[in-house]
Amino acid sequence: ASAPASARYDVQAGNPLLPFARAAGERVVLADKVAAAKYGTPAPIDDPVREKAVLDRVAGISLEWGIDPEASVRIFRDQIEANKLVQREWYRRWDVGQVRPPEERPDLAELRTLIDQLNAVLLAEIRRTVDDRSRPSCVTKQTRAYATVVGEQRLDGLHSMALARALPSLCAMLR
Ligand SMILES: C=C(O[C@@H]1C=C(C(=O)O)C=C[C@H]1O)C(=O)O
């Protein structure tokens, strides 16, 4: 089976970190809906049980694949922190009445299914980019990927800040 045309294009365009950055961008955007799903319910922004399940899976699959589980877990911790940063900012805006809370409450379980799908993409990209991420040139590639995704996904201040929080751990020399 060949990769989808878009994936092949990304690699040929010379930035191997772009697919990871795109999925990370989608993940911080999903945090808006996660916040809406939890706001006004007993579900906390921080859910250590769910986080542990995500990180345990990441570590287990990394071991199976023969890639450094600690590196994978560190990268995923940053995805989680980035997500919570977005959730906290929505809570703040809704609490102070800066914006009206959403009338529809999305289903958290469905959102977690979507997050799991993005997690799978992110982990596959971590494996695919092992060599790229260990080089000093990773930093430039990561910065370019960041700028590309901010543009492509038209990320606002909140989400571009969150994406910035999500990406640094990708490069070995920034960890
Ligand atoms: C996204 C959620 O909120 C938080 C962020 C998580 C993540 O980014 O994977 C996991 C658990 C929560 O601490 C969630 O509860 O699913």
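Helices (H or I, at least four residues) and strands (E, at least two) are DSSP runs, numbered from the N terminus. The model is predicted: local features need pLDDT of at least 70, side-chain atom pairs count only at pLDDT 80 or more, and totals for chains, interfaces and linings use all residues. Residue numbers start from 1 along each chain as its sequence is written.

**Overall fold**
- The chain has eight helices and zero strands.
- A compact globule of 175 residues would have a radius of gyration near 16 Å, and the chain agrees with its 16 Å; the radius is taken over C-alpha atoms, and the globule rule is 2.2 Å times the number of residues to the power 0.38.
- Along the principal axes, the C-alpha atoms of the chain fill a box of roughly 45 × 35 × 35 Å.
- Of the 175 residues, 29% are buried (20 or more other C-beta atoms within 10 Å of the residue's own; exposed means 12 or fewer, partly exposed in between; C-beta atoms are placed from the backbone).
- Among contacts (C-beta atoms, placed from the backbone, within 7 Å) with a separation of 6 or more, 82% join residues 24 or more positions apart.

**Ile45**
- Ile45 lies in the loop between H2 and helix H3 (48-65).
- Ile45 is partly exposed because 17 other C-beta atoms lie within 10 Å.
- Not counting residues up to four places away in sequence, Ile45 touches Lys38, Lys84, Gln87, Arg88 and Tyr91.
- Its C-alpha atom is separated by 9.5 Å from that of Asn83, 38 residues apart along the chain.

**Helix H7**
- Cys138, Lys141, Gln142, Ala145, Tyr146 and Val149 are buried in H7.
- They cover an arc of only 140 degrees around the axis, so they are on the same side of H7 (the arc is that of the directions from the helix axis to the C-beta atoms).
- These buried residues pack against helix H2 (18-38), helix H6 (130-134) and helix H8 (157-166).
- Exposed Ala147 and Gly151 are on the face of H7 turned away from its buried side.
- After H7 comes Arg154, with a positive phi near 45 degrees.

Definitions and conventions: Contact = placed C-beta atoms within 7 Å.
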